[in-house]
Amino acid sequence: MKQQLLRMTSGAPLPDNPTAAFRALAAARTMTIATMTSINRPQTLLVVDRAPSVQRLWVVVATPDGAPWTVIGTVRVSTGKPGKKEHFKTPVGVFVNTPDILGYRALGTLNKYGIRGIGQKGMRVWDFGWQTTQDWRTPSAVASIRLEMHATDPTYLEGRLGRPDSEACIRIPDWFNRFLDRFGVIDAQLTALAPTNRAVAALLPVDAMPSPLAGDKVVVVDTSEPHAIPSNPVTADEIERRFADWLATRPSSATTQKPAATQVDAAVANSGNKSSSGPSGRSGGPEDSGSSFSRSLAQVRAE
């Protein structure tokens, strides 16, 4: 797989930072233990360090016997940059690529700023579902975001990789998107199901050459914030359910012309990071006078 990765970069060696790699991999192993994630065979993992000064992703081979993980290569990425509307830190945790939530492919269309937010036409988008992350606007609160990993505009935004820059998703280079896609680096579950599932088969590339080491996990850590709380998808789903219920109770004049369910579906389809935040341990709701949910209604935008 390392040789395949080198071929995708025209043979150029991938720059690495051994110290950053050591810290990130140590944090990733700790994260897998904390989340009770099983590594039951040698397999590839993607390890992302969202620390602002790092912003890297490593392709590693993890083994179940406690042996050191092997780094195959590394790329610069961009994770979430909190501080403005609809921008949050990328969640930390272990995120599994399963057939339960199929990703999709970019259409390559331009947004209102003339940007291809998720890359050129055909670029793969991996969808990890609703996740929780810190809500920078409210202390001790969490927000639900739709976590995705995707390419970005190769002309205007790819050169910015290596710094926090996204709404919360993980942005990766165009060529690396193609590498992950073609060799099924985290598509193990999908590859196994493709022969009997037309939807899965349609998503995977026709020239796929899945690696026997392929896995299904992305581990996001923050070496600058080692005590960051891992995402809780159950809480995120509850936030989204309450958000949809709240929308359904609003007068039609107070919302858009689309029904509530359609708005939620559109948020997913357009990969917007909609926030429904509330104090830790609850999701917010009408009893909060709509304050939490009104923030999430502000705007749903693609990355």
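How many aromatic pairs does the count come to by the rule for ring centres and planes? The count comes to five aromatic pairs, where rings of Phe, Tyr and Trp (its six-membered ring) pair if their centres lie within 6.5 Å, with planes under 30 degrees apart taken as stacked, over 60 as edge-to-face and the rest as tilted. The model is predicted, with pLDDT of at least 70 required for local features and 80 or more for side-chain atom pairs, while totals for chains, interfaces and linings use all residues. Residues are numbered from 1 along each chain as its sequence is written, and side-chain values use heavy atoms, leaving out hydrogens and water.

**View 1. The protein chain as a whole.** The chain has eight helices and 10 strands, which are DSSP runs numbered from the N terminus (helices H or I, at least four residues; strands E, at least two). Of its 303 residues, 50% are buried; buried means under 20% relative accessible area, exposed over 50%, and partly exposed in between, with a 1.4 Å probe and protein chains only. The accessible surface comes to about 14,000 Å², and carbon and sulfur atoms hold 55% of that surface; the areas come from the Shrake-Rupley method with a 1.4 Å probe, and for residues only the protein chains shown count as cover. Contact means heavy atoms within 4.5 Å, and among contacts between residues at least 6 apart in sequence, 70% join residues at least 24 apart.

View 2. Four bridges join strand 4 to strand 9 (residues 217-221) in the antiparallel sense, and valine 96 stands opposite lysine 217 of strand 9.

**View 3. Aromatic rings.** Among the five aromatic pairs, phenylalanine 95 and phenylalanine 128 have ring centres 6.4 Å apart and planes at 55 degrees, so this pair is tilted. Phenylalanine 95 belongs to strand 4 and phenylalanine 128 to strand 6 (residues 124-134), so the pair ties together parts 33 residues apart in sequence. Phenylalanine 95 counts as buried at 3% relative accessibility, as does phenylalanine 128 at 5%. The rings of tryptophan 175 and phenylalanine 176 have centres 5.6 Å apart and planes at 75 degrees, so this pair is edge-to-face. Tryptophan 175 is partly exposed at 22% relative accessibility, whereas phenylalanine 176 is buried at 1%. Trp175, Phe176, Phe179 and Phe183 form one aromatic cluster.

**View 4. Strand 7 and its partners.** Nine of the 10 residues of strand 7 (residues 141-150) are buried. Strand 6 and strand 7 run antiparallel and are joined by eight bridges, with threonine 133 opposite alanine 143. Six residues lie between the strands of this hairpin, in which serine 140 takes a positive phi near 60 degrees. Strand 8 (residues 170-171) pairs with strand 7 in the parallel sense over two bridges, and methionine 149 has isoleucine 170 as its bridge partner.

Definitions and conventions. Pairing = 2+ DSSP bridges.
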